[in-house]
Amino acid sequence: MAFDIEMIKEVYARMPQRVQAARNILGRSLTLTEKILYSHLDEGNASRIYERGNSYVDFKPDRVAMQDATAQMALLQFMQAGRPKVAVPSTVHCDHLITAKVGSSEDLTKAELENKEVYDFLSSVSDKYGIGFWKAGAGIIHQVVLENYAFPGGLMIGTDSHTVNAGGLGMIAIGVGGADACDVMAGLPWELKWPKLIGVKLTGKLSGWTAPKDVILKVAGILTVKGGTGCIIEYFGEGVTSMSCTGKGTIANMGAEVGATTSTFGYDESMERYLRSTDRADIADLANSVKQFLNADPEVYNDPSKYFDQVIEIDLNTLEPHLNGPFSPDLATPISKVKEEAIKHGWPLKIEVGLIGSCTNSSYEDISRAASLAEQVAAKGLKTKAEFTITPGSEQVRYTIERDGYLNIFNKIGAKVFANACGPCIGMWARVGAEKEEKNTIVHSFNRNFAKRADGNPNTYAFVASPELVTALAIAGDLGFNPLTDYLTNENGEKVKLDPPTGFELPLNGFAVEDAGFQAPSEDGSHIQVVVSPTSDRLQLLDPFPAWEGVDLKGLRLLIKAKGKCTTDHISMAGPWLKYRGHLDNISNNMLIGAINFFNDKSDSVKNQLKGVYEPVPKVQRQYKADRIGTIVVGDENYGEGSSREHAAMEPRHLGVRAVLVKSFARIHETNLKKQGMLGLTFSNKDDYNKIQEDDVIDIVGLTNFTPGVQLTIVLHHKDGSSDNILVNHSYNDQQIEWFKAGGALNIIRASVSN
């Protein structure tokens with residue numbers, strides 16, 4: 001029996017009428033993406049055509065999912081909203097705060113002790129407000145959602161950029177900041193700019209060494225880390241229907257790495273098989289009854305260029321396994337070219353560690369295919385050359401692969417099994433020796449490989465691949481090894497070749513689990529008290545941000561002009577800082593410490609204009625705040641790429657930054673800035689970035705007439721007495737301008753309750 005089955009019945013019951021209304025309005029056939037979006041309009045049946053990439057639209061999501069690191073801030077905000085219970089089904093998943101070090105049991109026990117205050121807070125808030133709670137060790141949010149909550153044709157938002165994983169089961173699932181989640185849990189509509197559409201046609205069929213992961217690694221190489229920004233990617237073709245549901249999840253998951261709003265797939269037999277195997281036959285039966293509405297109209301896929309803004313075609317018959325990296329998930333290299341590229345660029349060829357699992361690749365199929373390679377180590381007289389770790393995606397997967405003997409196979413090659421949590425994928429890896437910052441190579445089946453991401457070492461060259469390829473490379477210990485063509489020398493001096501991986505889409509004996517780790521909320525939580533100690537260094541109740549003063553912002557100082565890539569990891573690092581995600585003031589001590597200062601090529605070193613000396617970014621900003629001096633942050637392209645973490649917007653807001661001016665934004669980060677009452681601006685002429693000088697005093701003019709589509713003016717008062725006026729763009733609509741004026745969207749929600 002599925003969770004929230006009555007809600008799902010309602011979604012499917014209204015879908016035919018709403019899809020037909022959209023067809024009537026548009027006067028044409030519909031993509032799957034359009035069917036789902038038009039079925040979730042806040043207004044009900046469509047009454048007008050929405051313009052892709054331009055129209056802001058209000059939607060009614062079906063559910064909300066939150067992971068523990070972001071749930072803290074999301075729920076602290078929800079507590080201010082004044083609502084007695086969440087308006088839509090919502091869940092919290094404790095997966096981010098467990099450090100991978102010794103092994104699953106020891107690491108989980110330590111995490112439960114260290115994070116007790118946070119887990120107790122999340123548990124009690126969930127209990128009080130009607131939120132499903134998944135305990136530490138239950139699994140990674142996206143795998144647990146796929147196993148329990150995702151359903152074809154649904155619309156979900158989640159406080160993690162890889163919420164998009166649920167697209168593998170035919171959802172439109174979108175990563176957002178906690179303020180967006182707060183709105184939806186409070187019963188308000190959720191706003192999104194109507195996305196453009198990218199169609200990816202997959203022909204042929206995967207075989208041999210090629211895996212679903214290679215599809216998205218190839219797509220990342222085509223689109224780059226920002227090529228999908230503002231777009232939903234819809235996959236179709238014979239290559240899709242021949243692929244497993246969890247394989248589709250892997251592809252959807254890494255759509256976040258090209259900046260896509262989300263990715264999705266039409267409902268097919270693989271999804272039906274997955275639903276039935278995860279005890280959701282009732283959803284499968286319902287989906288079968290509306291199957292035509294859970295796929296694009298036939299005309300769309302017959303002539304995709306008429307319906308998509310961009311079409312990409314990939315032949316799976318000829319697709320090579322890929323290795324993406326280092327330092328960027330879109331640097332795509334076919335395995336046949338890796339050795340050549342490694343030698344050319346000086347990538348360390350010796351592989352120190354191979355890591356499989358994470359939310360991207362921890363399905364039963366992934367593990368079984370990797371195990372088929374691990375099994376060959378003993379059979380062919382080999383010895384694994386690199387360290388090898390496994391991070392199961394959920395307790396259900398872990399229990400089942402242990403029952404079916406796969407963990408024992410991995411144990412025989414010396415593998416270390418970490419807890420069912422994010423672990424190394426998000427920097428929660430206490431890697432021995434990382435502090436030495438030695439140049440080294442690791443390969444993993446995760447999704448991101450930014451510098452310092454996994455172990456904090458800027459000199460760790462991390463490469464992304466399928467679990468199968470990671471396993472093979474770990475066995476070889478050599479980045480230049482191509483398992484399709486190369487031989488290994490075994491312990492007896494014989495030349496042996498690895499056989500291609502094999503595995504099972506789903507467990508032959510079904511999934512099994514003793515304790516999945518779920519805690520249902522109380523029917524009536526009104527009696528439950530949520531206590532936050534005023535002396536806690538982990539949790540801090542929020543104070544409302546101040547409203548805009550009603551005047552142009554003048555006399556601002558430049559805090560930092562960030563050079564090059566500035567992701568949310570640079571703005572608000574994860575790893576050891578995760579423990580402060582519920583304490584805004586404490587975590588603000590990591591604000592922008594990873595960003596590279598344009599003027600000295602150093603991180604965490606900016607000029608304090610009041611002293612004329614270079615100091616850490618948070619220290620300088622705290623002095624400006626104490627002296628009531630507003631500041632501005634300047635950035636490069638795709639600023640805020642990466643995680644959905646709204647701390648990257650809340651920290652500057654909390655410490656007194658008034659505006660962020662960049663060449664371009666990543667979608668989620670721009671929205672997060674708006675939600676917190678910040679100004680997110682872009683250069684009208686990107687070359688004006690070069691006019692920003694270190695000692696500038698800066699004015700933002702035109703705010704008293706802040707209007708959608710009307711540019712603002714920035715005046716740069718230079719130290720030599722000269723000045724430059726530059727025009728800047730913004731994408732604020734009327735509602736978002738009200739957020740700015742009120743000091744944040746939450747202030748408007750709170751006011752609506754008190755009135």
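Analyst: First, a polar contact here is a pair of N or O atoms within 3.5 Å; within protein, one must be able to donate a hydrogen and the other to accept it, and residues adjacent in sequence count only if both atoms are side-chain atoms. This is a predicted model, so local features need pLDDT of at least 70 and side-chain atom pairs pLDDT 80 or more, while totals for chains, interfaces and linings use all residues. Numbering runs from 1 along each chain as its sequence is written, and side-chain values use heavy atoms, without hydrogens or water.

Let's take Q396, which sits in helix α16, residues 395–403 (helices are DSSP runs of H or I, at least four residues; strands are E, at least two; both are numbered from the N terminus). Its side chain and that of E147 are joined by a polar contact of 3.4 Å. Beyond four places in sequence, Q396 is in contact (heavy atoms within 4.5 Å) with E147, T278, F511, A512 and V513. With a relative accessible area of 18%, Q396 is buried (under 20%; exposed is over 50%, partly exposed in between, with a 1.4 Å probe and protein chains only).

You'll find S605 in the loop between α20 (584–587) and β23 (606–608). The S605 side chain makes a 3.2 Å polar contact with the side chain of N600. Leaving out residues up to four places away, S605 touches N597, N600, Y614, E615 and V617.

Now for α24, residues 734–742, where Q736, I737, W739 and F740 are buried. Those buried residues fall within an arc of 150° seen down the axis, so they line one face of the helix; the arc is taken over the directions from the helix axis to the C-beta atoms. N733 caps the N-terminal end of α24, with a side-chain oxygen 3.2 Å from the backbone nitrogen of Q735. After α24 comes G743, with a positive phi near 90°.

Last, a helix pair: α11 (residues 269–277) and α12 (residues 281–289) pack at about 150°, their axes 7 Å apart. That makes α11 roughly antiparallel to α12. Axes are lines fitted to C-alpha atoms over the stretch in contact, with angles from 0 to 180 degrees between N-to-C directions; over 145 is roughly antiparallel, under 35 roughly parallel, 65 to 115 roughly perpendicular and the rest oblique. On the α11 side, E272, L275 and R276 meet A281, I283, A284, D285 and N288 of α12.
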